[in-house]
Amino acid sequence: MTKIKKQIRLLFDIREGEGKKVTLMFSLIFFLIASLLIIKPVRNSLFLIEIGAAKLPYAYILVALFSAGMVAFFMVYSKKFHIGRLTRSVLNISILSLLAFWLLLHYGIETKLFIYVLYVWVALFGVMTTMQFWLLSNYVFTIRQAKRLFGLIGAGGISGGIFGGYLTNFLAPLLGTKNLLLLSASFLLICIYLGKYAWVLYGRKNYSERLSNITPIETSAHEESSFKIIGKSKYLILLSSTIGISVLVANLVDYQFNTIALQNINNENELTAFFGFWLSNLSIFSLLFQLFFSGKIINLFGMRTSLLFLPLSLLIGSVAIFVYPVIFSALLMKVSSGAFKQSINKSARELLFIPITAEIKNKVKAFIDVFIANFATGLSGLLLLLITIALDFSIQQISLISIFLIFIWSVLIYKIKAEYVDTFRTAIEKRTINLEEQQLNLNDATLINSLLNVLDSPNDNQVLYVLSLLENFKSENLIPHLKRLLNNSSRAVKTQVLKMLDGYSKGEFYESVLPLVNDPDLEVKINAISYLYGNSEDPEKLIGEYIKGNNLQTKIAAMMSIAEEYRTSSEFREITDIESLFNGVFSDETIKPMSTEEADLMKIYSSNFIGISSYPGFYPYLYKLLESDSAEVKKSALINMGETCSTEFLPTIIETLNDRKLQKYAREVLAGYCDDAVPLLVDRLQDTNENQSIKNAIPGILGIIYSDETTHALSDNLLIGNRALRFEIIKSLNKLNARFPEIETNTVNVNKAIIEEIEYYYRLSAIISVEKRQTSETNNNGAGNIQIQARQLLVSSLRDKIENTLERIFRLLGLKYSSSDMYNTFLGIVSNNLKLKENAIELLDNILSHKLKLYVIPIIDMRESEELLTKAKLFFDIEFKDDEECIFELLNGDDDWLKTCSIYLASTLNISIYEEKVKDYLDDSHPVLRETANLALNN
């Protein structure tokens, strides 16, 4: 079973901690759509049998009106309640509605008004439940998870549609059409429990976190509506018109399909079964086409041709109905359009939104998808009333209207392609396309031409931007542009072009690249020689000439090319004496005559050579360079140890964490080792004899690596070491939790750490209360300045430590609850704004468990008050009677600075009381603590 689970996770890219939520949401959408695909056939058959196909236009108009109103009402209502409650409310109301409909049908109440209500209600049900599901999904999954898993979740909906439709086909003759409403309601009951668990386990935390990040924004009086934004853009007008007319034609097709179905099937149960069967078939065709054909068609034919598949299929179906209006023609039209609509047409339509800026897209996409679609639905109803009642068109003649609209639709698609290219070109020029989020179709010739035109721009940044888009694109049309750009004045442009030349025929760019060997920029030289080496008839001879030449930079560039080839080519390694080449350029004899500056530069290049080639025979030389007097040489040696990816260097690199000048680079190098470095880093973290500065640096490195293993390693070691080390571990866990919220930390350790830090907060609060009182008495008694200063230093330090402890508490709470909630609460607490503080307390009162509320809220509400001391005694039996108890408590603690301050204060009092304890720190590793102990005992 474990092997099967692993195979499923690998196949669908389901990562650790995601399996349960994927299963929940897949099941939820499965049963939602299954329920919808049961009641849709029921609605259709009841409407057609009881009222007739001729009245469908009125139903379309009512659906348009009520859908728009319901969506608007929901948008207002949704702001008052969280998504979990809204989802349950929608499902509860849906179940009650279905039960009410069943009762009315069971007792024979089938008035026309009732059937219209049922028809509109099913349409609204479809809109509201799917909207609620995807809203809930956005809070259950992070953005990164959504991109990876929504395709799989969506397949759950298609699967549910297939199951629901076929189940309806099977059960309608057995149970009767009306009784299928109870089956649909039972599926929704399952959905309530699935939705509740999904919300409680995953959605609530993310919802609270995102809600706390929302800040009120004043609406500008000059902010444009979606309608005005669309009206100002020819591209958006064409896009809206294309989507609108597609909905219009789809409703005409639906009317024809339903009418022909009614003409051939008069029995209510048989009609329900028929609709269920073919709705399932549509789901299957859509799924198969999406999986096996959509992507290939878009890549092969481009966006415009892909968009034409749906109108052309509808054209064929409309012609078939016009010529031969039988059930086969209706099925041909319905099935072909259904297969294309939810697959290739949907994918191609999404491409149309790529060149639109994110700001505009956020404003207009929902408007187009909701308002334009509803408007087109209502318009289709009016059009059908006109042509069927006023003009008395037959089903065949309606096909003529469809054919005319399809012609307009096709013209719009033709025109939108030209505007798409212009809009895309503008987006490239303004760099408003997010390359990480978009997948560009580089097989579209028109799109490629617009990209190539930008390569003529005098703006190097735009040229680089397009080159990055075309990095993996190979075309004969690109060759002239690449040759011309090799003479560009920009180093970055030339370097990028040289990196793109692999894959073209040998010799295509050889003559154009040759002059770049003499380019003043070393990076350009290296890439040029690397290309020439890979495309030369005699590469060894070519490299030999460059190495034997007099130009030092050319030699170095040639050596870097050799190093790269040595690392990647096993054949090259077999025939190359890498040590002789290295010694010929980087030997001590070569470097000795040089000035100190030149010698250091050559040592840096030699370490780069070793890093790139990763030849183990040169590793001792890197150790030697790490002992250099030059900081830059040491830095280069350290970085290139990491470049080799050899775990041999890990202990040495970890030791450099103790060097303040190299610590930053050591952290980056160790993070680059990723999981290979984790076991050794964890061992050093747990080593009680390890240097403290090294231990304190390790959690930050683990926090950069970003993996399941580092999260578990840090949380498993959360309770080790002193509080400074714990703080570093907590900060790294916060960082990892923000990146991978789905990975669970060691909750036992987190809970223990929270209680420990809370207790420590109360302990410090009790100590500072005594010390503040003692400071006041010392001032009144006229004690010496040294004692007064010592007490003030201790009180000031205690305040700092209390604030640090408070931050650790809320960072830890961020691992248990919403990190954003806890962060904002902490900011409210430490601010001077009373309202923010009250809001923070209110939020904690609604989020924290009962036990934590008892402990945490007094910390906020009673800071440095007598009431807090009462709580300290009540909760943890903490109480300090005098100065002596407080000093001993601090001397026995784990904070080196508080120990130091306590010893300093003790030295101004009767040191003999504390002498035995102070002696423990005479040889302490902390230099300030050690020195203070020595001074206190010797004065």
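Colleague: Let me start with one residue. Does Ser912 count as buried, exposed or partly exposed?

Modeller: Ser912 counts as partly exposed, at 45% relative accessibility. Keep in mind that this is a predicted model.

Colleague: Where does Ser912 lie?

Modeller: Ser912 is in the loop between α41 (896-907) and α42 (915-919).

Colleague: And what does the side chain of Ser912 make a polar contact with?

Modeller: The partner is the side chain of Asn910, at 2.6 Å.

Colleague: Let's step back to the whole chain. How many helices and strands does it have?

Modeller: The protein chain has 43 helices and zero strands. It has 939 residues, and 50% of them count as buried.

Colleague: What share of the contacts join residues at least 24 apart?

Modeller: The share is 74%, taken among contacts between residues at least 6 apart in sequence.

Colleague: Which residues show that kind of link, say for Leu238? What is Leu238 in contact with, neighbours within four places left aside?

Modeller: Leu238 is in contact with Leu412, Lys415, Ile416 and Glu419. Take Glu419: it is 181 residues apart from Leu238 along the chain, yet the two C-alpha atoms are separated by 8.5 Å.

Colleague: Which helix is Leu238 in, and is Leu238 buried or exposed?

Modeller: Leu238 belongs to helix α9, residues 234-264. Leu238 is buried because its relative accessible area is 9%, and the cut-off for buried is under 20%.

Colleague: Which residues make the nonpolar patch?

Modeller: A nonpolar surface patch of about 500 Å² is made by Leu189, Tyr193, Tyr197, Val200 and Leu201. Leu201 is found in helix α7, which covers residues 180-213. With a relative accessible area of 42%, Leu201 is partly exposed.

Colleague: Changing topic: how many disulfides are there?

Modeller: A search of the whole structure finds zero.

Colleague: Remind me what a disulfide is?

Modeller: A disulfide is a covalent bond between the sulfur atoms of two cysteines.

Colleague: What about the cysteines themselves: is Cys191 buried or exposed, for instance?

Modeller: Cys191 counts as buried, at 0% relative accessibility. Cys886 is buried too, with a relative accessible area of 0%.

Colleague: Salt bridges next. What does the count come to?

Modeller: The count comes to 27 salt bridges.

Colleague: Which residue does Arg684 form a salt bridge with?

Modeller: Arg684 forms one with Glu690, where the closest N and O atoms are 2.2 Å apart. Both Arg684 and Glu690 are buried; for Arg684 the relative accessible area is 13%.

Colleague: Where does Arg684 lie, and what else does it touch?

Modeller: Arg684 lies in helix α30, residues 678-686. Besides Glu690, Arg684 touches Pro651, Ile654, Glu655, Ile694, Lys695 and Ile698, not counting residues up to four places away in sequence.

Colleague: And the bridge between Lys873 and Asp877: how far apart are the closest N and O atoms?

Modeller: They are 2.8 Å apart. Lys873 counts as partly exposed, at 40% relative accessibility, whereas Asp877 is exposed, with a relative accessible area of 56%.

Colleague: Which residue pairs with Lys899?

Modeller: Lys899 forms a salt bridge with Asp896, with the closest N and O atoms 3.8 Å apart.

Colleague: Why are Lys899 and Asp896 separated by about one helical turn?

Modeller: Because they are three residues apart in helix α41. Lys899 counts as buried, at 9% relative accessibility, while Asp896 is partly exposed, with a relative accessible area of 22%.

Terms used
Residues are numbered from 1 along each chain as its sequence is written. This is a predicted model: local features need pLDDT of at least 70, side-chain atom pairs count only at pLDDT 80 or more; totals for chains, interfaces and linings use all residues. Side-chain values use heavy atoms; hydrogens and water are left out. Patches are made of residues with over 30% relative accessible area and no salt bridge: like charges are joined within 9 Å, nonpolar side chains (Val, Leu, Ile, Met, Phe, Trp, Tyr) within 5 Å. Accessible areas come from the Shrake-Rupley method with a 1.4 Å probe; for residues, only the protein chains shown count as cover. A salt bridge is a side-chain nitrogen of Lys or Arg within 4 Å of a carboxyl oxygen of Asp or Glu. Helices (H or I, at least four residues) and strands (E, at least two) are DSSP runs, numbered from the N terminus. Buried means under 20% relative accessible area, exposed over 50%, partly exposed in between (1.4 Å probe, protein chains only). A disulfide is a pair of cysteine sulfur atoms within 2.5 Å. Contact means heavy atoms within 4.5 Å. A polar contact is a pair of N or O atoms within 3.5 Å; within protein, one must be able to donate a hydrogen and the other to accept it, and residues adjacent in sequence count only if both atoms are side-chain atoms.
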